[in-house]
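Thank you for making the time this morning.

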Amino acid sequence: MPDFVYLASQSPRRRQLLDQIGVRHELLLAAPGEDAEALEAVRGREAPARYVQRVTALKLDAAVARLRARGLVDAPVLCADTTVALGSTILGKPDDADDAARMLAALSGHTHRVLTAVAVQHGGQRLQALSVSEVCFDALTPAQIAAYVASGEPLGKAGAYAVQGRAQTFIRTLRGSYTGIMGLPLFETAQLLRQAGIDC
């Protein structure tokens, strides 16, 4: 039984979180020709929980196919996806600075949900979990939003913010999994990995 997992994610935060719980991992990233971003497209009026679980399953399908195509040593494959939801509206990664500012203005003074789906596959066994947290932002001034967007931190982040970064100063209350909001809920992830035979 391998003592490591394949992580099919470019997120440095997910790597750091696996390191934090002592899980050895190797990256299993998409080849240049693969359009990984296309997997994250929202389908119509899809519910946030259904969306994030579907995207995670598609990412895992692609990663398992990648593992087989490359003839790599068999080991559990771990995938995750995070989305931010304001009511039933999904806030993905902003397209640009203006889009980031729009999202932050929408989150200002409101409570939103952060949903992270995790999936692990080893052989024919697929395990899945969903973490849902609630975050309440303080009312943000236009100057605060502009300064945060100018820092560059919101780009590439679901909901246009990083909980582990400067956006911590916006958060009035948080209920749920801090690591789930970062992108990999460690409680749920450890449970899935143990079921797949990985000690953590």
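Let me begin with the surface, where accessible areas come from the Shrake-Rupley method with a 1.4 Å probe, and where, for residues, only the protein chains shown count as cover. On that basis the accessible surface of the protein chain comes to about 9,700 Å², and 50% of it belongs to carbon and sulfur atoms. Please keep in mind that this is a predicted model, in which local features need pLDDT of at least 70 and side-chain atom pairs count only at pLDDT 80 or more, while totals for chains, interfaces and linings use all residues. Residues are numbered from 1 along each chain as its sequence is written, and side-chain values use heavy atoms, with hydrogens and water left out.

Turning to the fold, helices (H or I, at least four residues) and strands (E, at least two) are DSSP runs, numbered from the N terminus. The protein chain has six helices and seven strands, and along the sequence they follow the pattern β-α-β-α-β-β-α-β-β-α-β-α-α. The radius of gyration, taken over C-alpha atoms, with the globule rule being 2.2 Å times the number of residues to the power 0.38, is 17 Å for the protein chain, close to the 16 Å that the rule gives for 200 residues, so the chain is as compact as a globular protein of that length. Of those 200 residues, 50% count as buried, where buried means under 20% relative accessible area, exposed over 50%, and partly exposed in between (1.4 Å probe, protein chains only). If contact means heavy atoms within 4.5 Å, then among contacts between residues at least 6 apart in sequence, 68% join residues at least 24 apart.

Now to the open spaces. On a 1 Å grid over the protein atoms alone, a cavity is a set of points where a 1.4 Å probe fits but cannot get out, and a pocket is an open set with protein on both sides within 12 Å along at least five of seven lines, lining residues having an atom within 4 Å of a point. Grid points are joined across faces, edges and corners, and a volume is the space filled by probe spheres set on the points.

The largest pocket has a volume of about 720 Å³, and of the 37 residues that line it, the closest to its centre are Ser 9, Arg 14, Glu 40, Lys 59 and Lys 93. Strand S3 (77–86) gives the most to this lining, with six residues. The second largest pocket holds about 230 Å³, and its lining includes Glu 40, Tyr 51, Lys 93 and Met 103.

What does the search of the whole structure find in the way of cavities of 30 Å³ or more? It finds one, with about 40 Å³ of space, and among the residues lining it are Gln 53, Thr 56, Val 118 and Gln 128. Helix H2 (48–69), strand S5 (111–122) and strand S6 (125–137) each supply at least two residues of that lining.

Finally, Ile 21 lies in the loop between H1 and strand S2 (25–27). Ile 21 is partly exposed, with a relative accessible area of 26%, and, leaving aside its neighbours within four places in sequence, Ile 21 is in contact with Leu 186 and Cys 200.
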